[in-house]
Amino acid sequence: MILLSRKKSNALLKILLARASPRCNIPEVEDENSKLPCDKLLVQYFPEIPAYKVIRDYFLKSDYDYLVLATDDIIVKPEHIERLKQSLEVSGVPVLSGYMNVDQHEWQNGNVNICYELALKDKKLRYYNWIKNTEIPDKEFFQVKFAGFGLTAIRRDIVEKYEFAGDGIFKGKGMTFGASLDFVFCWWCHENQVPIWADSKIYMQHLRTSGTHRVGEKSRRVFIWRENGEAEKIDENWLSV
């Protein structure tokens with residue numbers, strides 16, 4: 001059962017939806033961004049690890065309660081954001097995530113990007129035992145060990161303690177080597193006794209093979225898009241990563 005741990009307050013919960021976007025050319029995704037009822041940070045055409053550094057830096061210099069991560073190939077709709085905010089208001093849990101199909105052609109009945117157990121750190125032996133969409137529990141919230149960044153909300157105190165890193169860290173290569181940032185984050189949560197919850201009501205479509213990556217072809221840029229406002233380009237100082 002999920003713990004109702006959030007303190008009552010007259011202040012509204014503030015979330016920042018951050019999207020590291022190497023593509024920015026999937027219409028079904030991009031068309032929804034302007035409709036989403038929250039502030040959006042769009043970090044475009046960056047390599048993955050520098051993109052998440054920009055995201056964390058911006059978040060920590062702001063006053064948001066939760067950092068919400070979503071890759072740029074998921075169709076996030078207003079109802080997903082509304083549900084997430086309601087769930088966070090009720091629960092106050094450290095990490096709460098939606099979920100999505102793993103493979104694009106298995107949108108309805110295939111695997112989804114959450115697991116009850118963690119795969120091995122060794123990339124050569126790594127195997128994800130995905131939950132199937134047809135096996136999602138008949139309850140609002142349930143605990144998982146792995147949740148890819150599918151509208152994953154991370155509470156502020158957790159962001160303050162954690163710096164995003166690639167899976168090269170498992171081999172002692174340092175934080176800026178490798179990939180699989182979501183996997184590394186979930187291992188950190190496991191090792192630091194931070195529970196990860198999934199919300200069964202937040203299911204999104206993953207267009208995994210759509211669009212084309214344009215990192216290195218397009219100039220890097222960062223936008224903050226306020227709720228009910230226009231997208232504003234972030235000062236160039238933010239790009240010095």
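Asparagine 113 lies in strand E6, which covers residues 111-115. The model described here is predicted. Asparagine 113 is buried, because its relative accessible area is 6% and buried means under 20%.

**Around asparagine 113**
- A polar atom of the asparagine 113 side chain lies 2.9 Å from the backbone nitrogen of methionine 100.
- Methionine 100 is also one of the residues in contact with asparagine 113 when neighbours within four places in sequence are left aside.
- On that basis, the contacts of asparagine 113 also include Tyr99, Val102 and Trp130, as well as Phe146, Ala147, Gly148, Phe149 and Gly150.

**The sheet**
- Strand E6 belongs to an open sheet of three strands, in the order E7-E6-E9, with antiparallel pairing.
- Three bridges join E6 and E7 in the antiparallel sense.
- Valine 112 stands opposite isoleucine 131 in E7.

**Helix H3**
- Helix H3 runs over residues 78-91, which makes 14 residues.
- At 1.5 Å a residue H3 should span 20 Å, and its end C-alpha atoms are 20 Å apart, so the two values agree.
- The buried residues in H3 include His80, Ile81, Arg83 and Leu84.
- Lys85, Ser87, Leu88 and Ser91 of H3 are buried as well.
- An α-helix has 3.6 residues a turn, so residues three or four places apart point the same way.
- Glycine 92 follows H3 and has a positive phi, near 65°.

Methods:
Residues are numbered from 1 along each chain as its sequence is written. This is a predicted model: local features need pLDDT of at least 70, side-chain atom pairs count only at pLDDT 80 or more; totals for chains, interfaces and linings use all residues. Side-chain values use heavy atoms; hydrogens and water are left out. Helices (H or I, at least four residues) and strands (E, at least two) are DSSP runs, numbered from the N terminus. Buried means under 20% relative accessible area, exposed over 50%, partly exposed in between (1.4 Å probe, protein chains only). A polar contact is a pair of N or O atoms within 3.5 Å; within protein, one must be able to donate a hydrogen and the other to accept it, and residues adjacent in sequence count only if both atoms are side-chain atoms. Contact means heavy atoms within 4.5 Å. Two strands pair if DSSP finds at least two bridges between them. The expected span of a helix is 1.5 Å times one less than its number of residues.
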